[in-house]
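Subject: Structure handover

Hello,

Here is the structure for you to take over. Please open it alongside this email, then read on for what was found.

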Amino acid sequence: MPWQQVRISRFGGPEVLQLAVERSIPDPGPGEVRIKVVAAGTGFTDTMIRRGRYPDFKGPLPFTPGYEIVGMVEKRGPGVTTLHEGEMIADLCVIGGYAQYAIRPARFLVPVPDGVDAAEAACIPLAYLTAFQMLTRYRELKPGAIILVVGASGTVGTALLDLARHLGLRAIGTCSAPNLAVVERYGAAAIDYHADDFVTCVRRLTAERSGGAGVDIVFDAIGGAHFGRSFACLAPGGLLVGYGSQTMAVGRESLIAAGLGLARLKLWRAFSSFFGRRSAVFYSITARRTSQPQEFKADMATLFQLLRAGVLHPVVIERLPLTAASEVHVRIDRGGLGGKIVLLP
């Protein structure tokens, strides 16, 4: 039976996304399942992969992009006993999501509870899991702790704000002027980073703190030289969590500059005592899943229960067919979406 997927044959702009029609549906191998994809998340990480600038995937070409999926187990391969045909699951697949069918290893798949919207569920494996692990796996943040989210209107940014509200944390978020309302909707203080110096604003907003001005933790996906400004926002004993190099990904900084940013994180961590006990760490979701697979599945399960209970509120701004993939990437490259576009294969 013919089926469709989006293919990339060369790295480049949104125009490299091409819809392909396949003649036969593949069968799963040992330890694998075939998934009928119901919803595929899109986001900035997909555009990094499309450009060939994502550290965890450099090919080979051609390939199908799509970092996260929700779908139904349609067929099990030999040796798979933990999943059942017809069961809804989610996966952080890195590539392969923009398709009507996907073959995936069974060991990483997480069941999706009944009653959960598939498009909202597609926001969990990357954005919400990243946010949840950064908030809970590096520091025990007590209610009232202050966090700073750089780029707070993005998919991970809004997930951080959503979870911070649930955990009783005080949040400050930087964004562009059109997205100030997106950040404020979560009860966070919003800073227009084009109009104001966010380091000065953060210091002013936290001036009353008894332990010293600054925030307890900063989340920064911009990377490179920007890590220095985020580090300057920390209160004594605070932590900077870097989780990306967006300026390198879009060509605004070189690979060397991105590497120097990572080197600074290691320096701050190694010599924390010289920086007022301020420290830093880099978070990679793929590396952490490889090193802590059971933690990954447990955290995903927790998030799905919170979603089912109505505690989490992913921002799905549009649901589009696979044919819109190239248009979606144009909009992601332009920035300022304020939420996630989900493809419905």
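Two strands count as paired if DSSP finds at least two bridges between them. Keep that in mind for the strands below. One caution: this is a predicted model.

**Strand β8**

Start with β8 (146-149). Four bridges join β8 to strand β9 (residues 170-175), so this pair meets the cut-off of at least two bridges. The strands β8 and β9 run parallel. Isoleucine 146 has arginine 170 in β9 as its bridge partner. Between β8 and β9 the chain passes through helix α4 (residues 155-167). That β-α-β crossover is right-handed.

β8 also pairs with strand β11 (residues 215-220). This pairing is parallel too, over three bridges. Here valine 149 has phenylalanine 219 of β11 as its bridge partner.

Are the residues on the two faces of β8 buried or exposed? Both faces are covered. Ile146 and Leu148 are buried on one side, Ile147 and Val149 on the other.

**Strands β14 and β15**

Strand β14 (residues 316-320) pairs with strand β15 (residues 340-343). The sense is parallel, and there are four bridges. Leucine 320 stands opposite leucine 343 in β15. Helix α12 (residues 325-334) carries the chain from β14 to β15. This β-α-β crossover is right-handed.

**Aromatic pairs**

Rings pair if their centres lie within 6.5 Å. By this rule there are nine aromatic pairs. One of them joins tryptophan 3 and tyrosine 101. Their ring centres are 5.8 Å apart and their planes stand at 90°, so the pair is edge-to-face. Tryptophan 3 belongs to strand β1 (residues 3-8) and tyrosine 101 to strand β6 (residues 101-105), so the contact ties together parts that are 98 residues apart in sequence. Tryptophan 3 is buried, at 6% relative accessible area. Tyrosine 101 is buried as well, at 9%.

Tyrosine 138 and tyrosine 283 form another edge-to-face pair. The distance is 6.4 Å centre to centre, with 85° between the planes. This pair links distant parts of the chain, 145 residues apart. Tyrosine 138 sits in the loop between α3 (124-136) and β8. Tyrosine 283 sits in the loop between β13 (279-282) and α10 (285-291). Which of the two is buried, and which is partly exposed? Tyrosine 283 is buried, at 3% relative accessible area. Tyrosine 138 is partly exposed, at 25%.

There is a cluster as well: ring pairs link Phe11, Phe57 and Phe63.

**Arginine 289**

Which rings does arginine 289 lie over? One is phenylalanine 108: arginine 289 lies over its face, 4.2 Å from the ring centre. Another is phenylalanine 296, where the charged end of arginine 289 is 5.4 Å from the ring centre.

**The second largest pocket**

The second largest pocket has a volume of about 200 Å³. The largest share, four residues, comes from β6.

Over to you.

Best wishes

Key
Residues are numbered from 1 along each chain as its sequence is written. This is a predicted model: local features need pLDDT of at least 70, side-chain atom pairs count only at pLDDT 80 or more; totals for chains, interfaces and linings use all residues. Side-chain values use heavy atoms; hydrogens and water are left out. Rings of Phe, Tyr and Trp (its six-membered ring) pair if their centres lie within 6.5 Å; planes under 30 degrees apart count as stacked, over 60 as edge-to-face and the rest as tilted. Buried means under 20% relative accessible area, exposed over 50%, partly exposed in between (1.4 Å probe, protein chains only). A charge sits over a ring if NZ of Lys or CZ of Arg is within 6 Å of the ring centre and within 35 degrees of the ring normal. A crossover is right-handed if, with the strands pointing away from the viewer, the path from the first strand over the helix to the second runs clockwise. On a 1 Å grid over the protein atoms alone, a cavity is a set of points where a 1.4 Å probe fits but cannot get out, and a pocket is an open set with protein on both sides within 12 Å along at least five of seven lines; lining residues have an atom within 4 Å of a point. Grid points are joined across faces, edges and corners, and a volume is the space filled by probe spheres set on the points.
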